[in-house]
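These are my notebook entries on one protein chain. I set down what I looked up, topic by topic.

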Amino acid sequence: MKHNNYKKMLVFVTVLLLFGLTILPTTNASNIKIRKTFVDKHQTPFSSEYSPYKLLIISPTKFTGELEPLVIHKESLGIETKLVTLTDVYDYMDEQGRDEAEKIKYFIKTAIEEWGIEYVLLVGGKKGQLPLWHLPVRYIHMGNNWEYEIISDLYYADIYDAEGNFSSWNSDGDDFFGEWFNGEEAEDKDLDLYPDVAVGRLPCRNKIEVKIIVNKIIEYETTTFDKAWFKDMIVIAGDTYLESHNPNWTGYEGEYYAELAVENMTDFNPIRLYTSDETLSGQGDVIKALSNGCGFVYFVGHGNPQSWGNHPPNDEKFITGLSVQKMHKLRNNHKYPVCVVSGCHNSQFDVSIFKFFNRVTRNRGEGTLECWSWRLTRKIGGGSIATIGCTALGFTKEDKDSFQGALNEIEVMFFKQYGQNNIEVIGDTWSAALTEYIDTYPVNWNITTSGDSWIDAQVVETWTLFGDPSLLIGGYRTPSFSID
Ligand SMILES: [Ca+2]
Ligand SMILES: [Ca+2]
Ligand SMILES: [Ca+2]
Ligand SMILES: [Ca+2]
């Protein structure tokens, strides 16, 4: 993260803007009368006869036509797929869930138990530039002096707590979720954080974007296998933390983690764009390298919602590596990498052009039509097939007292889970990296200081997959080959 201080007043303005518009009407769960006619009344999709599905797609009704080819494609690969509209989700779950997001979460829980769902694809982002959603997000209250509430899609994946019960992420039972203001005692405690299902989101804002990404997924899974370009891995990095700011910040942190990622990707040819040898000197270098196509790309540095970059060695100068404004120049048609981006806010998908008119949000890069990670993923004729990044501040070990772990480490774990442990379905790779991270850095929910556990919780809660979680990285040998 970058250490900037912003006036509390302006934080409150942001809070007011977001707060009133995102908290939905609630029902008091204890007042709900259980109706035994529930099953009869709603023609529940969960029939008494067990019918297995592997992939659950949830979307608003308006996108279902564009998603049909994806369902057909997945089933042709032997992945039993169920597409359910939000209308149906809310209808089936009308007795459960205090708001729309919680109803979706209860639905996912039931789908795991009744159908054996392993992957959940959420389709829908913002409705244009307004703070309205095609598919709801869960804002969690991991407050700090930069941002009061942040988006967590892990909420939809961490279905069960350590005892195997539904995990509401709201242990104090009020209208706020994941409440843990930095430096105070957590109000919502004992989230186990382990994903129980692999969740990815396509934050599409319209039908055209759904169509583009569905076409990309189908093309990727049926044409990538055995292609030479897939064996290239591009790493883009520099000196993330300047030693002149802190004597502990020796070496070039971005390049260090890029090398760790490369070491884990034994079968790949590394292509390095580093500030230290000036192979990274500007956006032209990145656009040129990416336009040849590659299996993976890993950006390690600093970000904001519309840009990513890093420093030359011990230099205050900041080199922009890629911005949303330049992504139209990417020419890697038919050759889409899996992208992991390390930086703050690259995947903050509640940005809006209207945020340009507020000085604070403009300075934070939130005044943009779309965030960096989604622009890259939904690009037609190039960009990525999936992008993993942070929806909020991306804390690194430099922010931790222990000087260990945090964002860069979970990224390296992702490459380890793929490259060493051969976990090749991207949602499973994402899930395995999170699990390894939580095993390594278990969260202490009882600290009352701004300690490392708060950072570890935020890292996993905000590390988000844009893409189809059932995507087989590298594609299928033949379209009829099943992943199992
Ligand atoms: Ca709460
Ligand atoms: Ca509370
Ligand atoms: Ca869990
Ligand atoms: Ca350094």
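**Entry 1: a sheet of strands**

I began with E10 and strand E11 (residues 307-310), which pair in the antiparallel sense over three bridges. Strands here are DSSP runs (E, at least two residues), helices are DSSP runs (H or I, at least four residues), and both are numbered from the N terminus. Two strands pair if DSSP finds at least two bridges between them. I noted that Asn 304 has Ser 307 of E11 as its bridge partner. The sheet is open, with three strands in the order E10-E11-E12 and antiparallel pairing. Its edge strands, each pairing on one side only, are strand E10 (302-304) and strand E12 (319-323). On average, neighbouring strands of this sheet are turned by 25° against each other, direction ignored; the axes are lines fitted to C-alpha atoms, and angles run from 0 to 180 degrees between N-to-C directions.

**Entry 2: the model**

I recorded that this is a predicted model, in which local features need pLDDT of at least 70 and side-chain atom pairs count only at pLDDT 80 or more, while totals for chains, interfaces and linings use all residues. Residues are numbered from 1 along each chain as its sequence is written, and chains are lettered from A and ligands numbered from 1 in the order in which they are written. The mean pLDDT (the predictor's confidence in each residue, from 0 to 100) of the protein chain is 90, and 89% of its residues reach 70 or more. Over residues 2-42, however, the pLDDT is below 50. I counted 13 helices and 15 strands in the protein chain.

**Entry 3: helix H13**

I asked why helix H13 (residues 452-462) is largely enclosed by the rest of the structure. Ten of its eleven residues are buried, so the rest of the structure largely encloses H13. A residue is buried if 20 or more other C-beta atoms, placed from the backbone, lie within 10 Å of its own. Among the buried residues of H13 are Trp 454, Ile 455 and Val 459. The buried residues of H13 pack against elements including strand E14 (386-390), helix H11 (407-419) and helix H12 (426-440).

Conventions
Contact = placed C-beta atoms within 7 Å. Buried ≥ 20, exposed ≤ 12 C-beta atoms within 10 Å, placed from the backbone.
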